[in-house]
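Here is a request: take the labels attached to a protein model and ask what backs each one.

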Amino acid sequence: MTVAAERPAVTTGRVVWFTGLSGAGKSTLASALYAELHARGVSVELLDGDAVRENLSKGLGFTKADRDTNVRRIGFVAGLLAKHGVTVLVSAISPYADTRREVLASFPDALEVFVDAPLEVVTERDVKGLYLRAIAGEIPHFTGVSDPYEAPESPDVHLETHKISVEDGVRQLLGRLGL
């Protein structure tokens, strides 16, 4: 009689979704959290909005429909990874609340992180001068200037990056993750 080998248990991963204006600190916080989780032996992956747009959503524009498609694509990939035990850190502006809610609702244990900084602060942080160009009308459909950004009404974590350090933000996120 043969006994089937036991399969190792796969721990369900989770999705941590960083949303906020360009320059608010989403990628900085997600990268710092990634490094900390990786150092602790957590299976973790980072899906950065800029990298995803370049590699998975190339050709999409900045209309509401295209932005929603981009967020849904990121959500699809995040879900596949989480299903296989990976903690997925998503860093994407994801400007529309209804689409964010729709995508986050598909994950059993998602964490929505609002990375918040006022327009004046993100404009000062913007080394490429994109905000100033958008304010001058040179860049159409720029989130937070000529296109809306719908902030989460009740995020799981609200980090005001103009008031805290990256280390403080990571500490808060680790606490919320139970680590």
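What follows is a set of questions and answers on this predicted model.

Q: What are the ground rules for numbering and confidence?
A: Residues are numbered from 1 along each chain as its sequence is written. The model is predicted, so local features need pLDDT of at least 70, side-chain atom pairs need pLDDT 80 or more, totals for chains, interfaces and linings use all residues, and side-chain values use heavy atoms, without hydrogens and water.

Q: Why is Val115 called buried?
A: Buried means under 20% relative accessible area, exposed means over 50%, and partly exposed lies in between (1.4 Å probe, protein chains only). Val115 has 0%, so Val115 is buried.

Q: What makes the place of Val115 a strand?
A: Strands are DSSP runs of E with at least two residues, helices are runs of H or I with at least four, and both are numbered from the N terminus. Val115 sits in β4, residues 111-116.

Q: Which residues does Val115 touch, beyond those up to four places away in sequence?
A: Contact means heavy atoms within 4.5 Å. The partners of Val115 include Phe18, Leu21, Lys26, Leu159 and Thr161.

Q: Where does the "active site" label on Ser94 come from?
A: It comes from an unreviewed UniProt entry. Such positions are given in the numbering used here, feature names are shortened, and annotations may be inferred rather than shown by experiment.

Q: Is Ser94 buried or exposed, and why?
A: Ser94 has 3% relative accessibility, so the residue counts as buried. Ser94 lies in the loop between β3 (87-91) and α4 (97-105). Leaving aside neighbours within four places in sequence, its contacts are Trp17, Thr19, Val71, Arg100 and Tyr149.

Q: How do you know that the radius of gyration agrees with a compact globule?
A: The radius is taken over C-alpha atoms, and the globule rule is 2.2 Å times the number of residues to the power 0.38. For 179 residues a compact globule would be near 16 Å; the protein has 18 Å, which agrees. The C-alpha atoms fill a box of roughly 75 × 35 × 25 Å along the principal axes.

Q: How many helices and strands does the protein have?
A: Seven helices and five strands. From the N terminus, the order is β-α-β-α-α-β-α-β-α-α-β-α.

Q: What share of the 179 residues is buried?
A: Buried residues make up 44%.
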